[in-house]
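Have the model open while you read.

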Amino acid sequence: MTTGISTAPRRRSPVRTFLPLAVAAWLILEIWLLSLVASQAGGLAVAALLAGAMVLGVVVIKRAGRRAFKNLTETFQQAQRGVPPTPQQPGGGNGLTMLAGLLLIMPGLLSDAAGLLLLLPPVRALVSRRAARSLERKMASAPAGSFGDAFQQARIHYPDGKVVPGEVIQGEVVRDDRQQGPDTGYRPPLTP
């Protein structure tokens, strides 16, 4: 019986191979830099530096979250008035700002430097453009029936699982009439 699933061994992605090594190297470099700075400036200065970066990261994430919630409520209010929502400017999202805050919260000098760089608008716009281009290339090169189709399917259906009116869903109905007995009759729906 064939199932349509290939049994050939899949080639391991380079990302899956090198990502754990990169994370380990990052952690070793962070620890080395912290010990280097602690030997020069003292442990208390390093602790104060890490605590300040953590507080700054929390403030950045909080502000980005509030801005995202404000944008969401404005979009809902525009939709209720029947006005089409205003398109968002490229790089104007809060995702990279929240990532910058998360990098600031993580203990380490390299993550703090990366978080501070992401707070700069030109750097954030550059990273946003590069990420969008990379995603577009991946989506365009994806074979049919893969992850790219999942995005198309997600756009067709509402988030609550209901189908868009007028959409035709392909499928077949399978009915088993062989079951007979007391449990096959009508059952009212369960209520909480």
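Predicted model: local features only at pLDDT ≥ 70, side-chain atom pairs only at ≥ 80, totals over all residues.

Let's start with helix H4, which spans residues 109-118. Its buried residues are Leu 109, Ser 111, Asp 112, Gly 115 and Leu 118.

| Helix packed against by buried residues of H4 | Residues |
|---|---|
| H1 | 14-41 |
| H2 | 43-81 |
| H3 | 95-105 |
| H5 | 121-141 |

Now zoom in on the H3 and H4 pair. Two packed helices are described by the angle between their axes and the distance between the axes. Here the axes of H3 and H4 come within 7 Å and cross at roughly 155 degrees. An angle over 145 degrees counts as roughly antiparallel, so H3 is roughly antiparallel to H4. As for handedness, H3 passes H4 in a left-handed crossing.

Which residues of H3 and H4 meet? On the H3 side you'll find Leu 96, Leu 99, Ala 100, Leu 103 and Leu 104, and they meet Ser 111, Asp 112, Ala 114, Gly 115, Leu 116 and Leu 118 in H4. Sorted by type, the residues of this contact come out as 8 nonpolar, 2 polar and 1 charged.

One last stop is Asn 94, in the loop between H2 and H3. Is Asn 94 buried or exposed? Its relative accessible area is 10%, and under 20% counts as buried, so Asn 94 is buried. Leaving aside residues up to four places away in sequence, Asn 94 touches Ala 64, Arg 67, Ala 68 and Asn 71.

Definitions and conventions. Residues numbered from 1 in each chain as written. Heavy atoms only, no water. Buried < 20%, exposed > 50% of the residue type's maximum accessible area, 1.4 Å probe, protein only. Helix = DSSP H or I, 4+ residues; strand = E, 2+ residues; numbered from the N terminus. Contact = heavy atoms within 4.5 Å. Axes fitted to C-alpha atoms, helices over the stretch in contact; angles between N-to-C directions. Parallel < 35°, antiparallel > 145°, perpendicular 65-115°, else oblique. Left-handed = near helix turned anticlockwise from the far one by under 90°. Nonpolar A, V, L, I, M, F, W, Y, C, P; charged D, E, K, R; others polar.
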